[in-house]
Amino acid sequence: MSPPSSKLATRRPKLLLFVLVTTALVHPCYLLQERPKILPLNTPEFLLVGEKFSYTCTAKVGEPPFSFQWLKNGNELMSAQTDVQIKNFEDISLIVIDSVKEKHAGNYTCILSNNAGKDIFTAALIVKAPPTWIKKPINQEVFLGEPIVLECQVHGHPTPQITWTRLKDETPLSTSAGKFLFSNDGKLQIPKSSEDDEGSYKCEATNGVGKVLTSIVQVKLRVPARFEEKFSVETVRRGETASLKCEAIGDLPLEVTWAKDKRNLEIKELDRYERFETTVEKGLTSELMIRSTDRNDGALYTCFAKNDYGLDEKNIKLVIVEVPARPLDVRVQEVWSRSATISWSVPYSGNSPITKFIVQYWQEKENGQRLLEQTIPSSQTSVLLKSLHPGSPYAVTVVAENEVGQGMPSQTIQFVTGEEAPVSPPTDVQVKPKGSSSLLVTWKPPPKELWNGELRGYYIDYKVNSSPTSYLFKTVESSSNDSYEYILSPLMKATRYSVVVKAYNGAGTGPPSEEITVKTLEGDLPLPPPVELVSNSDSAISLKWGKSPSHNIPVTGYTLHYKKKNSGEWNYVHVVASDNNMYTIKDLESGATYQLYLTAVNQFGRGNPSDYLSITTNPKGIGIGLPFYLNLAIVVPVTASVVAFVVVLVVIVIFVKKTKARKALERDLTSLQSGKVVTYAPGSQRYIDMEKARRVSNPEPGTPAAASIASYASIPSRDLELRVDDPRQELKSFLPPQMRDRPLPHPKPSSLKKRGDSHLYDRAD
C-alpha cells in the first residue's frame with residue numbers, strides 16, 4: 001500500500017488542530033474523547049482486470065459515533081456515480097468492486113472521524129491488463145515503390161511492448177534499419193517499397209501480463225510495368241549489327257512493343273529487323289536486332305512495356321558512326337614557286353567527331369610519284385604546303401579521320417607552282433665543224449627536275465674566240481625531242497669560235513654550259529650521194545650510188561652504214577671512191593628488214609648522211625642472185641596486173657564488135673529476103689557471129705543456102721586485130737572450123753622501154 005499523498009499529509013495536523021480547538025470551545029466534554037485511528041490493512045500488489053476487489057476502513061481507536069468518507073485520487077467517491085459500492089457500518093466502512101477494470105486503478109483514501117477528531121489512510125490500487133487488439137494488422141497489396149504501413153495497435157497495462165519480425169529471414173526489425181519507421185502506436189512503416197520488402201511480417205505485443213499477442217500479415221507487391229533506365233545511347237559502326245535491349249520490370253504478363261521516331265515499328269519476316277524476348281525473374285527482356293546498319297537507321301527508338309498495373313517507356317538513341325565523308329570544296333587559295341595554300345570545308349563527321357585531316361599531295365612525274373602527307377588538327381581547315389618544286393604540277397587530296405577510321409579522299413585538284421629560272425645548263429653539249437662556214441651544235445635538255453618550269457627554248461651564244469665583242473646568239477624553240485642540233489652559219493672560214501648553250505623558261509635564263517672552242521674547216525664537206533637498190537636476195541643486198549651533187553667538192557671515199565631494224569648498233573663498211581660505186585652486203589638474215597644510209601668522206605671530214613633506205617631480204621631460197629626486175633616477188637605481181645588489164649580491154653572490144661555484127665546481120669537477112677544476093681570475094685570483109693559459130697548440116701526447109709552461109713558473116717574480120725602473144729588468141733576456139741586455121745594479125749611491139757642501165761622501167765603507155 002502506498003503512503004498518503006503529500007497534500008493530505010500537510011493538511012492533517014492543521015485539520016486536527018482545528019477540530020480540537022473547535023470542539024473545546026463548543027463543548028468542553030469533547031476534550032475528554034479519544035481521537036480515532038484507522039487500522040491499516042494489507043492490500044494486494046496488483047489486481048488483474050476482471051478480478052473482484054474490496055477495501056475495508058476499520059476504526060482501531062476512538063469512540064463512536066464515527067463517520068466515513070472515501071476519496072479516489074483526491075476526489076470524493078460517490079457510490080451513485082460509479083460502479084464502486086460503498087458500505088458503511090458502525091465502525092467499519094468498505095468499498096467493493098465486482099469486476100476490476102483499468103479505470104479502477106488509483107489512490108483510495110479513507111477519512112475516519114468522530115467528535116474527537118479524524119484519521120486518514122490512503123492505499124493505492126494497481127490494476128494490470130494483458131494486451132488486447134485495438135487494431136489488428138491486415139494483409140496488404142501495394143505497388144512497388146509506394147509506402148507500406150502495417151498497423152499493430154494493442155491495449156494493456158502496463159503498456160505492451162510491440163516487436164516486428166520479417167519471417168523470410170527471421171530478422172527482428174528495429175529502428176537501426178534505416179528504411180523502417182516505428183511509431184508509438186505500434187505501426188511499421190516502409191516509406192518506399194522494394195522487391196525485397198515482399199513477404200510475411202509478424203507483430204508481437206507483450207507487457208508481462210497474460211499471453212503474448214501475435215499476428216502474421218502478408219505483404220504482396222504489385223509491380224507495374226516499368227523501366228529502371230529511362231534513356232540510353234547506343235553507338236554502332238555502319239555496316240555492323242545493332243542490338244537494342246529493353247529490360248522491363250513488372251508482374252507478368254508483360255507486353256513490349258517498339259517504335260522508331262515515335263512511329264510503330266513493324267517487324268516483318270526476312271527484314272533487317274529482328275526481335276527476341278526472354279522472360280527473366282523480374283519481368284521481360286526484349287531485344288531489337290538491326291542487321292547491316294546504315295545511316296538511315298540512326299534514330300530514336302522507344303520500347304513500351306505494359307501490364308495490368310501500368311505502362312512505361314524507355315528511349316534509346318541509336319547513333320550510327322562511320323568514317324567521315326569526303327572533305328568538300330577543296331581549293332587552292334594561293335600558289336607560289338615553292339609553296340601553296342590549300343583550304344577545304346568540313347564534311348559530314350559520320351556521327352563521330354573528326355580528330356584530324358590528312359592532306360596528301362604529290363608531284364606529278366612521268367617516272368612515278370612520291371606521296372607526301374601532312375596532318376592537320378580538326379580545328380583547322382587550311383594548310384600551307386612548303387618545300388615544293390618550282391614550275392611543277394602537283395595534285396592534292398584531303399582525307400578526314402575520326403575514331404572509326406579514315407574516310408574517302410576528296411576530289412583531287414591540280415595546280416602548278418610558279419616558275420623559277422632553270423638551275424642547270426643543257427647537258428652533253430658538243431660542237432663539230434660541218435664545213436668552212438658552219439658548225440653543228442648538239443645538246444640534250446637539262447635534267448627535268450631542274451627545269452623549274454616548262455622550257456621554252458635555248459640560246460646558242462657564239463663569238464670568235466678571244467674576241468672582246470659580246471656573244472651573238474641564236475634561239476631554238478623547245479620541243480619534245482630528247483636531243484637537239486643546230487647549224488651555226490654563215491661563219492668565217494678556218495676560224496675558232498667559242499660556243500655556249502643556255503636553257504630558258506618563262507621565269508628567266510639558266511646557267512650556261514661550259515664554253516666549247518671549235519675551228520671551222522678550211523674546206524667544205526661532201527654532200528650525200530643518191531643511193532639506189534640494185535638487187536636483193538635472201539642473204540644479200542646490192543646498192544649503187546652516183547657521184548656527189550657538188551662536183552667542186554672532192555670525195556675520197558664512202559662509208560656504208562647498215563643494221564637490222566630494231567636491232568642494236570650500226571655496222572659500217574668503208575668503200576673507196578671509184579667510177580663504179582657499187583657494193584653488195586652479204587651474209588644477211590633472210591626475210592629481215594634492214595636500214596641503210598651512205599656518207600661521203602673527203603680530207604675535211606665526213607659529210608651528212610644520205611636518205612635512209614629500208615629493204616627487206618627475200619625469204620629463204622627466193623631470188624638468189626637475180627636482179628630485182630627478175631625477182632619473182634616483183635615479176636609475178638606486175639605480170640598479173642598487165643594480164644588483167646589486157647583481158648578487160650579485150651572484153652570491151654568484143655562487146656563493141658558484137659554489137660556492130662548484130663546490126664550487119666540484120667541488114668543482110670533483109671537483103672536476102674528481098675531477092676538480093678551478096679557475093680564475098682577473097683579480099684572482101686568477113687564477119688564472125690560468136691553466138692552462131694556452129695556447123696550447118698540441116699538447114700530449115702525453105703531457107704536459101706546463101707542465107708545459111710551468110711549467118712556466119714556478122715563481124716568484119718579486118719577489125720579484129722589480135723597479138724600472137726596476147727591472151728586474146730584464145731578467142732580462136734570460138735570461131736567456126738573453117739576459120740580456126742586462119743592466121744591472126746601479128747601483135748604490136750611492147751611499149752615498155754629500158755631507161756639506161758638503171759634497170760628501172762617506165763609505166764606502159
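Trainee: Let's start with Cys57: buried or exposed?

Mentor: In this predicted model, Cys57 counts as buried because its relative accessibility is 1%, and the cut-off for that word is under 20% relative accessible area.

Trainee: And which residue does Cys57 bond to?

Mentor: Cys57 is joined by a disulfide to Cys110, with an S to S distance of 1.9 Å. The link of Cys57 and Cys110 is left-handed, with -90° about the S-S bond. Cys57 lies in strand β3 (residues 53-61) and Cys110 in strand β8 (residues 106-113), so this pair, 53 residues apart, links distant parts of the chain.

Trainee: What about Cys110, buried or exposed?

Mentor: Cys110 has a relative accessibility of 0%, and therefore counts as buried.

Trainee: How many disulfides does the structure hold?

Mentor: There are three disulfides in the structure. When the bonded cysteines are counted along the chain, the disulfides follow the pattern 1-2, 3-4, 5-6.

Trainee: OK, where do Cys152 and Cys203 sit in the chain?

Mentor: Cys152 and Cys203 form a disulfide, and their sulfur atoms are 1.6 Å apart. Cys152 is in the loop between β12 (148-150) and β13 (153-157), while Cys203 is in strand β18 (residues 199-206), and this pair also links distant parts of the chain, 51 residues apart.

Trainee: Why is the disulfide of Cys152 and Cys203 called left-handed?

Mentor: The disulfide of Cys152 and Cys203 is left-handed because the torsion about its S-S bond is about -75°. As for accessibility, Cys152 counts as buried at 0% relative accessibility, and Cys203 counts as buried at 0% too.

Trainee: Which cysteine is joined to Cys246?

Mentor: Cys246 is joined to Cys303 by a disulfide with an S to S distance of 1.8 Å. The torsion about the S-S bond of Cys246 and Cys303 is about -85°, so this disulfide is left-handed. Cys246 belongs to strand β21 (residues 242-249) and Cys303 to strand β26 (residues 299-307), and the pair, 57 residues apart, links distant parts of the chain. Cys246 and Cys303 are both buried.

Trainee: Which strands form the open sheet with β21?

Mentor: The open sheet has three strands, in the order β21-β25-β24, and the pairing is antiparallel. The edge strands are β21 and β24 (273-279), each of which pairs on one side only. From one strand to the next, the twist averages 15°.

Trainee: How many bridges are there between β21 and β25?

Mentor: Strand β21 and strand β25 (residues 283-290) pair over eight bridges, in the antiparallel sense. Cys246 takes part in this pairing, with Ser286 in β25 as its bridge partner.

Trainee: Changing topic to serines: where is Ser200, and what does its side chain contact?

Mentor: Ser200 is found in strand β18, the strand that also holds Cys203. The side chain of Ser200 makes a polar contact with the side chain of Gln218, at 2.4 Å.

Trainee: Is it that Ser200 is buried or exposed?

Mentor: Ser200 is buried, because its relative accessible area is 15% and the cut-off is under 20%. Leaving out residues up to four places away in sequence, Ser200 touches Thr165, Arg166, Leu167, Ile216, Val217 and Gln218.

Trainee: And Ser489, where is that one?

Mentor: Ser489 is placed in the loop between β39 (484-488) and β40 (496-505). With a relative accessible area of 38%, Ser489 is partly exposed. Ser489 touches Ser437 and Ser438, again not counting residues up to four places away in sequence. Ser436 is 53 residues from Ser489 in sequence, and the two are 9.5 Å apart in space, C-alpha to C-alpha.

Trainee: Last one, Asn581: which residues does it touch?

Mentor: Not counting residues up to four places away in sequence, Asn581 touches Leu543, Lys544, Trp545, Gly546 and Tyr558. Asn581 is in the loop between β46 (571-576) and β47 (582-585). The C-alpha atoms of Asn581 and Gly546 are separated by 6.7 Å, although these residues are 35 residues apart along the chain.

Key:
Residues are numbered from 1 along each chain as its sequence is written. This is a predicted model: local features need pLDDT of at least 70, side-chain atom pairs count only at pLDDT 80 or more; totals for chains, interfaces and linings use all residues. Side-chain values use heavy atoms; hydrogens and water are left out. A disulfide is a pair of cysteine sulfur atoms within 2.5 Å. Helices (H or I, at least four residues) and strands (E, at least two) are DSSP runs, numbered from the N terminus. Buried means under 20% relative accessible area, exposed over 50%, partly exposed in between (1.4 Å probe, protein chains only). Two strands pair if DSSP finds at least two bridges between them. Axes are lines fitted to C-alpha atoms, for helices over the stretch in contact, and angles run from 0 to 180 degrees between N-to-C directions. Contact means heavy atoms within 4.5 Å. A polar contact is a pair of N or O atoms within 3.5 Å; within protein, one must be able to donate a hydrogen and the other to accept it, and residues adjacent in sequence count only if both atoms are side-chain atoms.
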